[in-house]
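Reader: Can we go through this model together? I'd like to start with the aromatic residues.

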Amino acid sequence: MALLRKSSKITQKAVLKQILKRCSSLGKNQNHVGVHQATDVPKGHFPVYVGENRSRYVVPISYLTHKEFQCLLQRAEEEFGFGYDMGLTIPCEEDVFLSLTSMLN
């Protein structure tokens, strides 16, 4: 049982590192129409796209340490993978995302 927990923690750390690396490179070489440049994202934050209309939110990196937000990231990985070129998309309704993030603040 302890081995399983340790393994899941290692996997979780690897996933978080991958997310941070991906978020830090978002916008760097992307000049497509409609793609926001990284200059509008404050240091210590990253953009996510949420809901049916892919509304863009800029959230603090500290959210990555919250289990509730990690669950959303896990769903995002399952549905889209982290190689997805359209930015980090969170597969949940916008009002649910806003409710969760208001609790995390």
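**Aromatic residues and the core**

Author: Phe 46 and Phe 69 are both buried, meaning under 20% relative accessible area with a 1.4 Å probe, protein chains only. This is a predicted model, where local features need pLDDT of at least 70, side-chain atom pairs count only at pLDDT 80 or more, and totals for chains, interfaces and linings use all residues. Residues are numbered from 1 along each chain as its sequence is written, and side-chain values use heavy atoms, with hydrogens and water left out.

Reader: How many aromatic pairs are there in the whole structure?

Author: Four. Rings of Phe, Tyr and Trp (its six-membered ring) pair if their centres lie within 6.5 Å; planes under 30 degrees apart count as stacked, over 60 as edge-to-face and the rest as tilted.

Reader: Why is the pair of Phe 46 and Phe 69 edge-to-face?

Author: The planes are at 75°, with the ring centres 6.2 Å apart, so the pair is edge-to-face. Tyr 63 and Phe 69 form a tilted pair, 5.6 Å centre to centre and 55° between the planes.

Reader: Which residues do the ring pairs link into a cluster?

Author: Phe 46, Tyr 57, Tyr 63, Phe 69 and Phe 97.

Reader: Other topic. What does Phe 69 contact, leaving aside neighbours within four places in sequence?

Author: Phe 46, Val 59, Tyr 63, Leu 64, Phe 97, Leu 100 and Leu 104. Contact is heavy atoms within 4.5 Å.

Reader: And what lies over the face of Tyr 49?

Author: Arg 54, at 4.6 Å from the ring centre. The cut-offs for a charge over a ring are NZ of Lys or CZ of Arg within 6 Å of the ring centre and within 35 degrees of the ring normal.

Definitions and conventions:
Buried < 20%, exposed > 50% of the residue type's maximum accessible area, 1.4 Å probe, protein only.
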